[in-house]
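Welcome! Take a moment to look over the sequence and turn the model around. Then let us walk through it together.

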Amino acid sequence: RVADCLRALVGEGPQQFEWLARDRAGKVFWTEVALKRVYVEGKDRTLAIARDVTQHKAMVRAHVETEAKYHAIFDASPIAIVCLDADGRLVEVNGRLMEWLALDQSEIVGRKISDLPFLRGGSRQRALDAHRLRIRGEQVPPYELEFVDKKGGIIVCEVHADVLKNEQGGAVGEIVMIVNIN
């Protein structure tokens, strides 16, 4: 692997790879190695910079595990969970809502609240108003909406939601939890 990187260094330019290293005490740890051709006193040399990435790799692994747990909860939830962006566009929806409405995700993901086919009458406006208030930072107590499934059946739901914020505290969307109260 290193030999391949050294050959590529000549033909393709700087190279970067991970390497399992061993310290003086014999402890094994991960490094990230960057190779670059340099000229020192007119001679062609290889500059190698290595840094310990053990903690970074552990953090990435922990993040992947946390993400897997989140998706397991999201997918197995007995309530419908919807993630919206700040413009009211559905970004992610769990299978529970699809099950209740007999819809496919492709029929609603990417659509705005105002374009959702399953919101009945005043429910569409109520959902839009609540979304706008939450994005502006106002508290919205739980409220009811009526959904219409593909066969025309009415599903009465209670909606609970919270704003998703970026690191600066600005609203970037919301997570909406919907309980079927039929």
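This is a predicted model: local features need pLDDT of at least 70, side-chain atom pairs count only at pLDDT 80 or more; totals for chains, interfaces and linings use all residues.

In total, the protein has four helices and eight strands.

**The overall form**

How does the radius of gyration of the protein stand against that of a compact globule of 182 residues? Such a globule would come out near 16 Å, but the protein has 26 Å.

What share of the 182 residues is buried? The answer is 28%. The protein exposes about 11800 Å², and carbon and sulfur atoms supply 53% of that area. If you take the contacts with a separation of 6 or more, 31% of them come from residues 24 or more positions apart. As for charge, the protein has 26 positive and 27 negative charges, and their mean positions lie 6 Å apart.

**Strands β1, β2 and β3**

Now zoom in on three strands. Strand β1 covers residues 15-22 and strand β2 covers residues 28-40, while strand β3 is made of residues 43-52. Strand β2 pairs with β1 and also with β3. The table sets out the two pairings.

| Pair | Direction | Bridges | Residues between the strands | Turn residue with positive phi |
|---|---|---|---|---|
| β1 and β2 | antiparallel | eight bridges | five residues | G26, about 95 degrees |
| β2 and β3 | antiparallel | ten bridges | two residues | E41, about 50 degrees |

Each of these pairs forms a hairpin: β1 with β2, and β2 with β3.

You can find individual partners across the strands, too. Which residue of β2 is the bridge partner of F17? It is V33. Q15 stands opposite L35 in β2. On the other side of the pairing, E32 stands opposite R51 in β3.

One general idea is handy as you look along any of them: in a regular strand, side chains alternate between the two faces of the sheet.

Terms used. Residues are numbered from 1 along each chain as its sequence is written. Side-chain values use heavy atoms; hydrogens and water are left out. Two strands pair if DSSP finds at least two bridges between them. The radius of gyration is taken over C-alpha atoms; the globule rule is 2.2 Å times the number of residues to the power 0.38. Buried means under 20% relative accessible area, exposed over 50%, partly exposed in between (1.4 Å probe, protein chains only). Contact means heavy atoms within 4.5 Å. Accessible areas come from the Shrake-Rupley method with a 1.4 Å probe; for residues, only the protein chains shown count as cover. Lys and Arg count as positive and Asp and Glu as negative; His and the chain ends are not counted. The place of a charge is taken as NZ of Lys, CZ of Arg, CG of Asp or CD of Glu.
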